[in-house]
Amino acid sequence: MVKQMLFMDAPDHTRLRSLASNSFTPARVEALRSHIREILDNLLEPLLKAGEMDVIADLAAPLPAIVTAR
């Protein structure tokens with residue numbers, strides 16, 4: 001975990017954040033909107049069938065990981 005950008009201090013965090021921020025501009029996120037919605041729909045479908053969910057484990061953790069990986 002300590003090697004993730006979230007847990008780093010400057011200057012390492014600053015360097016990695018500047019590299020990553022180019023991929024998450026408002027225009028880029030807008031271009032990814034339909035793709036993100038598709039990922040979200042795929043994550044929610046089994047949860048709707050189950051009738052329950054753990055927001056963190058079932059949605060908040062996998063969604064950004066999948067979007068970032070793609």
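Modeller: In the protein chain, confidence is highest in helix 3, at a mean of 95, and lowest in helix 4 (residues 62-69), at 88. The score behind these values is pLDDT, the predictor's confidence in each residue, from 0 to 100. Helices here are DSSP runs of H or I with at least four residues, numbered from the N terminus. The chain as a whole averages a pLDDT of 90, and 97% of the residues score at least 70. Where pLDDT is low, the predicted coordinates should not be read in detail.

This is a predicted model, in which local features need pLDDT of at least 70 and side-chain atom pairs count only at pLDDT 80 or more, while totals for chains, interfaces and linings use all residues. Residues are numbered from 1 along each chain as its sequence is written, and side-chain values use heavy atoms, with hydrogens and water left out.

A salt bridge is a side-chain nitrogen of Lys or Arg within 4 Å of a carboxyl oxygen of Asp or Glu. The structure holds two of them.

To describe their surroundings, buried means under 20% relative accessible area, exposed means over 50%, and partly exposed lies in between (1.4 Å probe, protein chains only). Arginine 33 has a relative accessible area of 46%, so it is partly exposed. Glutamate 30 is at 45% and therefore also counts as partly exposed.

Another salt bridge links lysine 49 to glutamate 45, whose closest N and O atoms are 3.5 Å apart. These two residues are four residues apart in helix 2, so about one helical turn lies between them. Glutamate 45 counts as partly exposed because its relative accessibility is 42%. Lysine 49, at 68% relative accessibility, counts as exposed.

Proline 11 sits in the segment before helix 1 (12-21).

Finally, back to helix 3, which spans residues 55-60 and contains isoleucine 56. Isoleucine 56 has 57% relative accessibility, so it counts as exposed.
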